[in-house]
Structures are given as structure tokens and as C-alpha cells.
Amino acid sequence: MRGESDVARFYDRASDYMRELLVALAAHPEEPRPFGEVEDAIGWPRRRIASVLGGVWRLRHYEFGGTRPYHFLAPKRSRSGRWEIWMDAEQARALEAARRAERE
């Protein structure tokens, strides 16, 4: 997911948990991190990210054609050897713009 309007619309339509995850990812753009590390930073119990991502599946597929405002690294490619999640700088800027617009 690339466009600022798509990221803003996704953020608007997402659950509070998904929004919290997006904000956490945007705080560290271009930095892939294992799910557990992100969950610890947010203060979530383990496996919550998996649950949140499962819950947003329908939204992503029916409203956004399966695109997502974040990326994954498979265990074979990640430095940790586990699944990692991250947001690129362009997506992070789009999310911050959406959050600013929401506050105004």
C-alpha cells in the first residue's frame, strides 16, 4: 500500500488494536522487528499481533485488494530467524499525515 489516501483510509477503517500496531511500526520506519519485540514495545501479550492481523484480513482483502501498509520478512530472510514486520518510510509518513489530519 503506497498512496497517502489509501494509508489514511486503512487507518480510519482499522480497529483500535490495528491502529496501535500501525503507530508502533511508524515509530521505527525501515526497521524490521520480530513480532515479539513489537508486542513488548506496545505492552501487548504474545501472539496479539497474529490475532490483530487475522482480524484485519477481511478489511484488507475486500476494501484494499489485499494490500497492506506494512511489510513482512520471512524467517529465512530476517536477522532474527523469525517473522518480522515493518513499515517503510513512505508508509510511515503517510500514516503520520493521516494522524495529523484526524487531530485537526
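Me: How do you know where the positive and negative charges of the chain sit on average?
Reply: Lys and Arg count as positive, Asp and Glu as negative, with His and the chain ends not counted. Each charge is placed at NZ of Lys, CZ of Arg, CG of Asp or CD of Glu. On that basis there are 19 positive and 17 negative charges, and their mean positions lie 6 Å apart. A word on the source: this is a predicted model, where local features need pLDDT of at least 70, side-chain atom pairs count only at pLDDT 80 or more, and totals for chains, interfaces and linings use all residues. Residues are numbered from 1 along each chain as its sequence is written, and side-chain values use heavy atoms, with hydrogens and water left out.

Me: What makes up the secondary structure of the chain?
Reply: Helices (H or I, at least four residues) and strands (E, at least two) are DSSP runs, numbered from the N terminus. That gives 6 helices and 3 strands, and reading along the sequence you get α-α-β-α-α-α-β-β-α.

Me: Why is the chain called as compact as a globular protein of that length?
Reply: The globule rule is 2.2 Å times the number of residues to the power 0.38, and the radius of gyration is taken over C-alpha atoms. For 104 residues the rule gives 13 Å and the chain's radius of gyration is 13 Å, close to it, so the chain is as compact as a globular protein of that length. Along the principal axes, the C-alpha atoms fill a box of roughly 40 × 25 × 25 Å.

Me: Why is Arg 47 called exposed?
Reply: Exposed means over 50% relative accessible area, buried under 20%, and partly exposed in between (1.4 Å probe, protein chains only). Arg 47 is at 64%, so it counts as exposed. This residue is in the loop between H3 and H4, and has a positive phi of about 80 degrees although it is not a glycine.

Me: And what makes Glu 30 partly exposed?
Reply: Its relative accessible area is 47%, so Glu 30 falls in the partly exposed class. Glu 30 sits in the loop between H2 and E1, and its phi is near 65 degrees, positive in a residue other than glycine.

Me: What covers the buried residues of H2?
Reply: Contact means heavy atoms within 4.5 Å. The cover includes helices H1 (4–13), H3 (35–42), H4 (48–55) and H6 (89–103), plus strands E1 (33–34) and E3 (84–86). Among the buried residues of H2 (residues 16–26) are Met 18, Leu 21, Leu 22 and Leu 25. Across the chain, 41% of the 104 residues count as buried.
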